[in-house]
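Here is a colleague's note for a reader new to this entry. Please go through the points in order, with the model open beside you.

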Amino acid sequence: MNISTDIWTWIAALGTIAMFSFIFKENPVYRWCEHLYVGAAAGYAISVNAKSIADKAWTPLTQDGKIVLLIPCIFGILLYARFIKSIAWLSRWPMSFLVGVGSGLAIFGVVNSQLLQQIKATLLPLNSINNIIMVFGVLSILLYFFFSMEHRGAVKYGASVGRWIMMITFGVSFGNVVMGRISLLLGALERILGDWLGMV
Amino acid sequence: MDWKKLQNIDRRIIYILLILATAVPMIRPLAIPLSTGPSVHKFYQIMDAIPAGEKVLFSLDYAPSGAPDVHPQALAVMKHMMNKGVGVVFISFWEAGPMFGEQLIRAYEEQGYEYGVHFANLGYVPGGESAIKRFGEDVAGQVSRDFRNNPVSSLPIMQGIKDTRDFAAVICFSAGNPGVQEWVRQVQGPLGINLLAGAVTVSVPQYMPYVDAGQVKAMLAGLRGAAEYETVSGNPGPSVAKMDAQSLGHLIIIAFIIVGNIAFFMDKKKQ
């Protein structure tokens with residue numbers, strides 16, 4: 001065993017143990033560490049974002065004379081107008097701009113990459129088991145969500161196959177969730193057993 | 001037998017058994033053989049084919065909560081790239097990303113690799129999906145100073161980089177959104193970049209259709225993906241060592257699922 005002498009490793013390890021203490025019961029140490037984590041994360045996010053504003057807006061505006069950056073800066077400031085009742089309506093302008101740009105970007109991207117490209121990728125020759133499962137899997141799931149006709153006869157069986165395929169998919173997703181959570185546990189244990197106690 | 005009791009095992013017992021099952025093999029590895037999948041082989045082949053002197057982009061889109069699953073992937077690929085003499089540029093669309101970039105760089109700086117020549121950390125770009133689009137189309141226009149406050153134009157590694165097509169590969173290490181989906185939607189589709197993904201395990205089923213469609217060339221799945229990459233690249237490291245613990249952890253969970261189901265059906269039968 002080779003215990004770390006680094007103060008930050010001690011803080012990380014003791015913080016991890018404090019968070020684990022919630023397994024047994026909620027307690028003041030857990031609460032304190034939880035608040036500390038939220039505060040530290042918020043502080044870090046504020047500092048990174050402040051640097052970003054300085055690099056991308058303030059410095060180019062004041063030192064490089066990029067006057068055009070005044071427009072996004074004013075729009076950004078207007079977002080905070082919502083906190084003053086008499087001028088709260090001004091915050092709708094940047095918000096509308098953000099929603100418009102966001103929607104435009106997302107619609108283009110979704111139609112192109114998540115609809116057309118995915119349809120193209122499903123048009124496969126039925127010459128392998130994988131391709132057969134892929135094509136009939138997609139068709140049967142689409143049939144399951146096809147509500148314009150009553151699910152009877154062949155449609156009922158097709159929709160049932162779709163339901164089974166979705167169940168298998170949910171199982172795969174759950175398996176991945178379990179695997180991911182164990183990885184997070186291993187990360188925490190590595191901090192305690194490895195970085196702190198030097199046992200790994 | 002009290003089947004009801006078996007259906008309601010105290011969660012503390014489950015947690016203790018799970019922690020023991022994962023902690024013991026970390027201290028005393030069992031050397032359970034690790035198989036490697038085709039996706040990791042493809043990932044490795046793509047990265048290995050990049051000639052020395054080229055540059056790749058790592059998009060570090062994760063936070064401490066997802067780091068144990070994704071950061072080992074970045075470590076493994078970084079090691080491979082450094083050994084090959086390929087430059088690595090970091091960008092992040094998550095606030096915590098630049099911190100992980102610095103972690104990745106630190107070990108190599110101590111070995112004599114030079115910041116700005118072998119790697120650079122461009123820091124964090126706010127704006128999510130729209131920021132990814134702008135960065136993808138105009139790298140220098142979007143980031144004027146790096147995380148260490150150097151002008152990006154002064155970094156030798158950034159010479160000749162106009163947009164993300166100038167990188168031999170773009171790897172998005174992602175624990176959520178913005179991440180792989182946004183890169184596919186806004187950059188891979190319009191520009192046709194060579195996009196690869198390192199995904200947090202939970203998101204793997206969500207990203208698989210992009211791999212099947214060829215939009216994402218190959219993907220590493222969680223810690224397991226990192227361990228496989230370390231094995232394939234001939235550098236078994238910390239991720240491989242954790243695989244025994246992961247396997248035993250899974251066995252414990254499988255055992256509890258089986259016990260819970262047996263207890264449920266036996267109780268039903270009894271009633």
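1. Start with the polar contacts inside chain A. Three residue pairs, both members at pLDDT 80 or more, are in polar contact between domain 1 of chain A and domain 2 of chain A. A polar contact is a pair of N or O atoms within 3.5 Å; within protein, one must be able to donate a hydrogen and the other to accept it, and residues adjacent in sequence count only if both atoms are side-chain atoms. On the side of domain 1 of chain A that touches domain 2 of chain A, eight residues are nonpolar, four are polar and none is charged. Here Ala, Val, Leu, Ile, Met, Phe, Trp, Tyr, Cys and Pro count as nonpolar, Asp, Glu, Lys and Arg as charged, and the others, Gly among them, as polar.

2. A word on the basis. This is a predicted model: local features need pLDDT of at least 70, side-chain atom pairs count only at pLDDT 80 or more, and totals for chains, interfaces and linings use all residues. Residues are numbered from 1 along each chain as its sequence is written, chains are lettered from A and ligands numbered from 1 in the order in which they are written, and side-chain values use heavy atoms, with hydrogens and water left out.

3. Now the domains themselves. Chain A has domain 1 (1-65) and domain 2 (124-200); the bounds come from an automatic or database domain assignment. Their centres, taken over C-alpha atoms, are 35 Å apart.

4. The domain interface buries about 910 Å², 78% of it on carbon and sulfur atoms. Buried area is the accessible area (1.4 Å probe) that two parts lose on being put together, summed over both. In domain 1 of chain A, A:Met1, A:Thr16 and A:Phe20 lose the most area to domain 2 of chain A, together 39% of what that side buries.

5. Next, the chains. 43 residues of chain A are in contact (heavy atoms within 4.5 Å) with 55 residues of chain B. Chain A and chain B bury about 4,200 Å² between them, 68% of it on carbon and sulfur atoms.

6. Which side chains form the salt bridge between the chains? B:Lys242 and A:Glu190 do, at 3.1 Å, N to O. The rule asks for a side-chain nitrogen of Lys or Arg within 4 Å of a carboxyl oxygen of Asp or Glu. It finds one salt bridge across the interface of chain A and chain B, and zero between domain 1 of chain A and domain 2 of chain A.
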